[in-house]
Amino acid sequence: MQRKAYVPGVAVLLAALLAGCTGSSSDDGATDDSKPGGSSSTAPAAQPGKYRTLPEACAAVDHGTLDSLLPGIKQIADEEQRETAYEGTATLTYDTDRRVGCRWKVESTNATDHLFVDFERVVSYDSVSDDSKASGLYAGKETAADLPEPSASASSESEESPDADGSASPSDSASASGSASATPSSTSSASPSASATPTSLQPRTLDGLGDEAYLNDTLSSAGSTAQQRTVTVVFRTSNVIVTIEYDEQPAVTGEVPDSKEMQDRARNLAAKLADTLDG
């Protein structure tokens, strides 16, 4: 009788030991499997953009360029007021490494000119790179501009003006505009009825400026008879988007700002700002 009672006791003890070993092995295996799984589920870091800082917006436009875009600035007799006009007014920002801007407004005997320059550095907190995030934001701006379908003549003009190196001066642009007799741009300044933008100067994408760029040109009424032209150039280089808004309202009733001249000036400035970013 004692012998029969002893054998089952040993069997129970062995079964308990075997169960404990099996459970320990299973737990260890589960822990090992979870580590590779957790490691592989971590998304790779997004590629940072080329630019980590931004230039000072009000200092990014030199005096010579401001003289061209804002002719009235040289007509300011008071030296202190003239220097204040050159300095511009910085836009309100809470992080100068992410966004900076500057505005200028100058009145002359012929017109009132406004210039706005904005730099935005895009940083992605998602799995996409800074460049991809910036490209998406740029695409939204271009879509909102509602550019017309490009034409052959517009593409040709886009390659010719300004020079491919972006060094075309406003004076060269003005002389080129005036050298062609009875061009649409020269006649548009004489009569509002001829203010329609020529095909070669219509809103369009631009080549040779940053990674991608476009130009918009709009003419609107700034009163009962005044015509205000606004030329906007937006371009992206890596993770920075630059916006230039340049508008002019003539002082004389019935005059229309010259489209080609204003576009050449804005594009010349854009090329210089692109160089400033890479400098």
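A pocket here is an open set of grid points with protein on both sides within 12 Å along at least five of seven lines, and its lining residues have an atom within 4 Å of a point. With that in hand, α8 gives the most to the lining of the largest pocket, namely three residues. Please keep in mind that this is a predicted model.

The chain holds eight helices and seven strands. Of its 279 residues, 39% are buried. Among contacts with a separation of 6 or more, 63% are between residues 24 or more positions apart. The chain exposes about 15,300 Å², and carbon and sulfur atoms supply 51% of that area.

Back to the largest pocket, whose volume is about 250 Å³. It is lined by 16 residues, and the closest to its centre are Asn 110, Ala 111, Glu 248, Glu 255 and Glu 261. Which elements each supply at least two residues of this lining? They are β3 (111–121), β7 (240–250) and α8 (259–278). The table sorts the lining by class.

| Class in the lining of the largest pocket | Number |
|---|---|
| Nonpolar | six residues |
| Polar | four residues |

Cys 58 is joined to Cys 102, with an S to S distance of 2.0 Å. Why is this disulfide right-handed? The torsion about the S-S bond of Cys 58 and Cys 102 is about 100 degrees, so the disulfide has that hand. Because Cys 58 lies in the loop between α1 (2–40) and α2 (63–69) while Cys 102 lies in strand β2 (residues 99–107), the pair ties together parts that are 44 residues apart in sequence. Both Cys 58 and Cys 102 are buried.

Finally, have a look at Leu 69, which lies in helix α2. Is Leu 69 buried or exposed? Its relative accessibility is 0%, so Leu 69 counts as buried, given that the cut-off for buried is under 20% relative accessible area. Leaving aside neighbours within four places in sequence, Leu 69 is in contact with Asp 113, Leu 115, Tyr 246, Arg 265 and Leu 269. The C-alpha atoms of Leu 69 and Met 262 are separated by 7.9 Å, although these two residues are 193 residues apart along the chain.

How values were computed
Residues numbered from 1 in each chain as written. Predicted model: local features only at pLDDT ≥ 70, side-chain atom pairs only at ≥ 80, totals over all residues. Heavy atoms only, no water. Disulfide = S-S within 2.5 Å. Helix = DSSP H or I, 4+ residues; strand = E, 2+ residues; numbered from the N terminus. Buried < 20%, exposed > 50% of the residue type's maximum accessible area, 1.4 Å probe, protein only. Contact = heavy atoms within 4.5 Å. Areas by Shrake-Rupley, 256 points an atom, 1.4 Å probe, with all protein chains shown as cover. 1 Å grid on protein atoms, 1.4 Å probe; cavity = no way out; pocket = protein on both sides within 12 Å on 5 of 7 lines; lining within 4 Å. Points joined across faces, edges and corners; volume = space filled by probe spheres on them. Nonpolar A, V, L, I, M, F, W, Y, C, P; charged D, E, K, R; others polar.
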